[in-house]
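Work through the following exercises on side-chain contacts with the coordinates open beside you. Each task is followed by a solution that goes step by step.

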Amino acid sequence: MFELHERGFTSLFEQLVSCIISIRTLDETTIPLSLGVFDRARTPEALLRLSPDELAALLNGSQYPGQKAQTLLGIARAAVESYGGELPADYEKLTYLKGVGPKCAKLALGVAAGYPGISVDVHVHRVVNRWGLVETKTPEQTMAKLEEEVPQKKWIDVNRLLMPFGKHICVLRSPFCSTCPVLAYCRQVGVTRHR
């Protein structure tokens, strides 16, 4: 989402679309699929001109393309019918939309609108628990705990920095501790084997 923002896809709608596409889908797949959708539709009105089957075809390669197509069309419909075509930069209103959870709402708001919020995916959850910074069972608990501990001006950076770190260095199985730039600060909680 940060990369798409840098490429000019800065609206809250575009960021939310990209986040929905990214659910259970690799970044390497999410970015091209998002670009494919944006080639056809960058606004809620334009997205609504696509049929569910057309949109699902554009999402082919992501997990659950048909379900995501329905979710995205529902978001576009709500944007047009309830908000005059522009999604509100409001966490409560976004999470009220079907298919928009806390992670996507906070991440889209943070990237598109500078809204302070910590978005915690499985990577961020694993990293901060492994470090010993928090001791939580779910990403939602981690999000709440980090919002208590991390200064608000750093909230948006948490996902931007820690998600790729968890994806490439502090991986689930056999993390790359030998090349970790923050190993000296890590308690290696739960690490039984590493590279």
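**Exercise 1.** Does Phe165 count as buried or exposed, and at what relative accessibility?

*Solution.* The model is a predicted one. Phe165 has 11% relative accessibility and therefore counts as buried, the cut-off for that class being under 20%. Trp131, in turn, counts as partly exposed because its relative accessibility is 21%.

**Exercise 2.** Classify the ring pair formed by Trp131 and Phe165, and locate its two members in the chain.

*Solution.* The ring centres of Trp131 and Phe165 lie 6.0 Å apart with the planes at 50 degrees, so this pair is tilted. Trp131 belongs to helix H9 (residues 122-131) and Phe165 to helix H11 (residues 155-168), so the contact ties together parts that are 34 residues apart in sequence.

**Exercise 3.** Which cysteines does the disulfide join, and where do they lie?

*Solution.* Cys19 is in helix H2 (residues 12-22) and Cys104 in helix H8 (residues 102-113), 85 residues apart, so that the link connects distant parts of the chain. With -90 degrees about the S-S bond, the link of Cys19 and Cys104 is left-handed, and both cysteines are buried.

Notes: Residues numbered from 1 in each chain as written. Predicted model: local features only at pLDDT ≥ 70, side-chain atom pairs only at ≥ 80, totals over all residues. Heavy atoms only, no water. Disulfide = S-S within 2.5 Å. Helix = DSSP H or I, 4+ residues; strand = E, 2+ residues; numbered from the N terminus. Buried < 20%, exposed > 50% of the residue type's maximum accessible area, 1.4 Å probe, protein only. Phe/Tyr/Trp six-rings, centres within 6.5 Å; stacked < 30°, edge-to-face > 60°.
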